[in-house]
Every structure is written in C-alpha cells, then in structure tokens.
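The following note sets out numbered remarks on the structure shown below.

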Amino acid sequence: MSALEFRGVSKCFGSFFANRDLSFSVEPGTIHGLIGENGAGKSTAMKALFGIYPIDGGTILIQGKPVRNKSPVQAMRLGIGMVHQHFMLAGPETVLDNIILGHEPGFLRLDRERALEELKKISETYGLHFQKWHARVDELSVGEQQRVEILKLLYQRSAILILDEPTAVLTPQEVTELFENLKRLKAEGKTIILISHKLKEVLTHTDSVTVLRRGECVGTRVTAETNEDELAQMMVGRPVSFTYEGERKVFAKADESRAVLRVERLTIEGVSEPLRKVGFDLRPAEILGVAGVQGNGQTTLLRFLSNPSRYRSADGEYRFAGANRMGSNPLALRRAGMALVPEDRLSEGLLLEQDLVENYLLGQHEDPRFVRNGMIDRSKLRPRVEAAIRDFDIRPPYTNIWASRLSGGNQQKLVIARALDSNPNTLLIAHPTRGVDVGAIERIHEAIMKERNAGKSILLFSSELDELMDLSDRILVFYNGAVAAEFSRREFDPWAIGRVMGGGAK
Ligand SMILES: Nc1ncnc2c1ncn2[C@@H]1O[C@H](COP(=O)(O)OP(=O)(O)OP(=O)(O)O)[C@@H](O)[C@H]1O
Ligand SMILES: [Mg+2]
C-alpha cells in the first residue's frame with residue numbers, strides 16, 4: 001500500500017489553479033523527489049498535504065485512507081511533518097521551546113526536562129550533533145536552524161517527512177550530512193518527500209521522482225531509469241543546457257590600470273566574518289567569481305562593497321569609478337553606476353506586502369526615467385515591469401500582485417531584472433540562481449553574460465562552484481577572511497579550487 005497518494009487533487013487561488021488534477025503515489029520507506037519549474041505548484045501541493053490549504057477537488061490518501069487535513073496539527077497527528085522552504089521557527093524563542101511548542105501538554109519543568117533528554121537521545125541516534133538547546137533560534141546559522149526543524153519532525157515521530165528545498169542554503173558539508181541522515185531515516189522505514197531544483201541531488205538520492213509543470217503532473221519516473229536531460233525536458237517542456245553555451249566575447253587583455261573597482265589591504269575586525277588584508281581589482285568586461293565555504297568573509301565583503309558607510313572601522317582602500325569610497329553610502333555608489341543583487345532576497349531585496357511596481361522602484365527612487373521634480377510617475381514604471389516580466393518569464397505575469405505571491409524563484413528573477421534595469425556599469429551579484437529552476441538558471445546566466453559581453457564588470461558571489469566556473473573569467477577563493485588564491489579561467493578545476501576552499505594550498 002502506498003504511504004501517500006494524491007488522486008486528482010486540485011487547489012485554486014481565486015480562478016488560478018496552482019494544482020490541477022494531480023495524481024501520484026509515494027511508496028513507504030522511499031525518498032520521492034518532487035520537481036518542477038518555479039511556480040509549478042510543488043510547495044502548494046505539500047502545504048495542502050500538511051493541512052495549510054484546503055483542497056478544492058480530488059482526494060489525498062494516507063496509507064490508503066482518504067484524509068482531509070484542516071490544519072498542520074491534524075496532519076502531524078497523522079504522522080506528517082514538513083520543513084518549509086522558508087523556515088517557520090519562532091525567532092526569539094529557544095530551540096527547546098520551538099521543538100516542544102504545541103506538543104507538550106503543559107510547560108511543567110519536569111516535562112521540559114524529559115523532552116530535553118529525549119531530544120538529546122534523538123540527536124545522538126541520528127548523528128545530528130546538536131547541542132544548543134537553550135540558544136535563541138534567530139542566533140543560529142541557517143544550517144543549524146534546519147537541523148532544529150528536522151529534530152522537531154523526529155521528536156514528533158513523523159512517518160512522512162516533507163522537505164521543501166532543504167539544500168538551497170546549506171554549505172556542501174551540511175548537504176552531505178543531511179543526505180546521510182535522510183538515508184538513515186529511510187532505512188528505518190520513514191517516507192521522505194524531497195523538493196529540489198538540483199537535479200544531480202535528486203538523481204543521486206531519490207528512489208522515484210514526480211515532475212510538475214504549471215500545476216499539473218507531467219509524470220513519475222523511477223530515478224534509476226531517468227537522467228538529467230529527460231527530467232529537465234519534462235520540467236520545462238524544452239531541452240535545457242546545463243552549461244552556458246552562448247557567446248563569450250574575447251576582449252584584448254584587460255589593462256589592470258583600468259580597474260573599475262579596487263580593494264587594497266581591506267581589513268574589517270569586530271564582525272562575525274572578519275576580513276584580513278583583502279586585495280583585488282575588478283576590470284571592465286569581466287566576471288570575477290568569489291568562491292569560498294560560507295562564513296569565510298564573502299558576506300562581509302559584499303556588504304562592505306555595497307555599503308561601506310556601515311563599516312566605519314574598516315581599514316585599507318576601496319576605490320570605485322575613479323573615487324575613494326571608504327565611508328560611502330549605497331546611494332552614492334548607485335549614482336556612480338553600481339547595482340546589487342543581495343544575498344537574501346526576502347529580507348534585503350523585496351517589500352513582500354507591496355506590488356511588483358513598488359518593488360521595482362526600490363533603489364530607483366531617483367531614476368530620472370521615473371521621477372520628475374521629486375514625483376514618481378508610476379505610469380512610466382509599469383511598462384518597465386511588464387518588460388521584465390516578459391524578459392524573465394516571471395509568473396504569474398501581473399504587475400499589481402504582492403511580491404509575497406510570487407514563488408521563490410520568481411522573486412529572484414524580479415530582483416535580477418531590477419538590478420539590470422538601471423543599466424549599471426558594475427554589478428555585485430550574490431547567489432543569482434539560488435532556488436531557481438533549470439530553465440530560469442539558463443536565462444539568468446545568459447543575462448549576466450550579456451552584461452559582461454557588453455563590457456560591464458561583474459563580481460559574482462556564489463556557493464555553486466559549477467556556476468562560478470561556468471561564468472567567471474577569474475575566481476578568487478576566500479578562506480579565513482582572506483583571498484587564499486586566484487584562479488584564471490584556464491586553471492579552473494573543481495578539485496583544485498575545492499582544496500583551497502578547505503584551507504589547502506593551490
Ligand atoms: N497564497 C497564495 N495566493 C495566491 N497565489 C499563490 C499563493 N501561493 C502560491 N501561489 C501561486 O501558486 C503557484 C504555485 O506556487 P508554489 O509556491 O506552489 O510554486 P513552487 O513550485 O513551490 O515554486 P518554487 O520552486 O519557486 O518554490 C504560483 O504561481 C504562485 O504564485
Ligand atoms: Mg516552492
């Protein structure tokens with residue numbers, strides 16, 4: 001008997017079908033992949049299973065029995081647990097409280113102590129090595145928060161675990177650990193549903209995989225009998241290339257004296273990711289990749305370069321567009337031709353409860369194309385947003401919806417379209433394809449390369465080494481707050497770069 005079955009399930013938002021007549025089943029004790037383009041309806045289907053949304057048609061069956069989960073509490077009683085795409089832990093509460101919240105009859109001290117003992121045991125058993133039970137959740141790293149989410153499901157003894165893009169924000173080591181744990185859970189007979197945009201991951205770790213497109217089920221495959229090309233084709237409806245295959249214009253060797261952006265001996269202490277004597281230059285018509293395991297200074301560098309005024313104690317030199325920029329604010333940099341795609345689109349890139357036009361205006365409040373005498377002319381802005389929606393295939397294609405209604409990948413496309421729209425000469429881009437589907441990755445990579453070929457300078461931060469090697473002209477590897485090595489394009493080699501990322505020599 002299947003652990004779980006969707007039988008003709010539909011879910012509408014107004015007149016829009018986010019899921020239409022979905023049918024697939026998941027065998028017990030397996031890892032089942034759920035893939036599809038951004039906005040295909042993956043999260044919606046799983047939220048329906050988890051009791052967050054009521055369904056508008058069809059039947060969901062758990063172990064052959066039809067269920068109607070009206071709330072997550074009900075779903076949890078049936079043994080279903082979910083780790084959301086955007087975590088839902090209560091930030092200011094402690095780890096322990098987050099895990100036992102809504103689960104323990106009271107908050108008696110004895111109960112809490114018993115819960116803690118139990119949790120320690122679970123953590124041991126699964127090799128999760130977690131110890132910060134009394135830390136506030138918002139003080140944990142993203143990887144740690146995710147471990148808490150998983151501990152919570154184990155504590156609740158969930159038999160079906162739903163993981164919505166669990167690896168999008170993890171370091172490579174954390175990803176390896178996660179999959180080891182999933183394997184262990186599977187061996188115990190638990191059923192796991194894995195949503196991911198990383199097809200390699202899906203191919204390596206799942207037993208079968210279901211593909212959604214535009215709310216509908218395209219098909220289910222046994223993982224061992226399919227491949228990257230077939231899955232991508234099923235997702236997007238056309239063949240997809242996984243490496244950039246377009247033009248890479250060759251320019252005369254860049255004259256180092258023409259650097260657009262230059263940093264020398266940059267040292268920033270007293271922050272969680274300090275920098276020590278960092279120096280490099282960014283030249284016209286190049287993509288300079290920044291590699292490194294998360295936490296080695298890249299975040300501080302990006303924040304400093306886009307807003308040096310936040311780092312009054314920074315030491316060293318920072319020149320951009322022919323001027324000293326130590327202490328500059330973002331507005332001055334933007335006026336000098338810089339644009340930014342920030343690390344975290346939700347907290348830094350978007351106003352979630354504003355429509356797409358307002359979001360497009362962010363950071364362009366001064367652009368003479370839209371602003372006359374201090375008045376913003378939204379009628380001039382709207383066609384720009386419409387063009388962005390067309391160019392990047394943002395779905396749903398409406399300018400008047402809240403940014404929170406776009407799926408994660410579509411939010412990312414909006415942030416990138418906006419950064420390119422101001423026609424900057426220099427772009428600082430962080431994780432441009434995090435959580436983005438394979439078809440959209442192709443489009444975003446083409447857009448970045450088009451800027452380079454037009455002579456622009458791009459500093460590209462990414463945790464995907466494949467992406468950096470595919471696009472960059474040079475790669476800087478950060479380790480322990482410093483540039484540990486530089487690789488030119490003909491030296492690119494994942495093992496060599498990986499070794500430096502881990503603290504080894506070039
Ligand atoms: N609460 C909501 N109200 C209205 N529309 C919604 C809501 N939630 C999702 N949608 C729409 O339903 C569709 C499916 O969204 P969903 O989040 O399920 O996509 P997804 O497959 O998880 O995409 P991604 O890979 O980007 O996370 C999208 O077009 C989205 O805009
Ligand atoms: Mg989703």
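1. Alanine 321. This residue sits in the loop that joins strand 14 (315–320) to strand 15 (323–324); helices (H or I, at least four residues) and strands (E, at least two) are DSSP runs, numbered from the N terminus. Although alanine 321 is not a glycine, its phi is positive, at about 50 degrees. Its relative accessible area of 39% makes alanine 321 partly exposed, where buried means under 20%, exposed over 50% and partly exposed in between (1.4 Å probe, protein chains only).

2. Basis of the values. The model is predicted: local features need pLDDT of at least 70 and side-chain atom pairs count only at pLDDT 80 or more, whereas totals for chains, interfaces and linings use all residues. Residues are numbered from 1 along each chain as its sequence is written, chains are lettered from A and ligands numbered from 1 in the order in which they are written, and side-chain values use heavy atoms, with hydrogens and water left out.

3. Asparagine 423. A positive phi also occurs at asparagine 423, about 55 degrees, although this residue is not a glycine. Asparagine 423 belongs to the loop between helix 14 and strand 19 (426–430). With a relative accessible area of 56%, asparagine 423 is exposed.

4. Domains. The protein is divided into domain 1 (4–236), domain 2 (257–337 + 425–506) and domain 3 (347–423); these bounds come from an automatic or database domain assignment. The centres of domain 1 and domain 3, taken over C-alpha atoms, are separated by 32 Å. Their contact (heavy atoms within 4.5 Å) takes 5 residues from domain 1 and 6 residues from domain 3.

5. Nonpolar cores. A nonpolar core is a set of buried Ala, Val, Leu, Ile, Met, Phe, Trp, Tyr and Cys residues joined through side-chain atoms within 4.5 Å. The largest one comprises 51 residues, and those with the most contacts inside it are Leu356, Phe392, Ile475, Val477, Phe487 and Ile497. Helix 14 (residues 408–421) contributes the most to this core, with 6 residues. Domain 2 and domain 3 each supply at least three residues to this core. Apart from it lies another core, of 33 residues, which includes Ile31, Ile122, Leu151 and Leu163.

6. Valine 477 and alanine 484. Not counting residues up to four places away in sequence, valine 477 touches Ala291, Ala482, Val483, Ala484, Ala485, Phe487, Ile497, Val500 and Met501. Alanine 484, which lies in strand 22, is partly exposed at a relative accessible area of 43%. With the same exclusion of residues up to four places away, alanine 484 touches Val477, Tyr479 and Val500. Its C-alpha atom is 9.5 Å from that of valine 278, 206 residues apart along the chain.

7. At 11% relative accessibility, threonine 399 counts as buried. Its contacts, not counting residues up to four places away in sequence, are Asp355, Leu356, Val357, Arg382, Val385, Glu386 and Ile389.

8. Isoleucine 287. This residue of strand 13 (residues 286–291) is buried, with a relative accessible area of 0%. Isoleucine 287 and leucine 460 are 173 residues apart in sequence, yet 6.7 Å apart in space, C-alpha to C-alpha. Besides neighbours within four places in sequence, isoleucine 287 is in contact with residues including Ile448, Met449, Ile458, Leu460 and Leu471.

9. Asparagine 480. Located in the loop between strand 21 (474–479) and strand 22 (482–488), asparagine 480 is partly exposed, with a relative accessible area of 47%. Asparagine 480 and asparagine 296 are 184 residues apart in sequence and 4.9 Å apart in space, C-alpha to C-alpha. Leaving aside neighbours within four places in sequence, asparagine 480 is in contact with Arg276 and Asn296.
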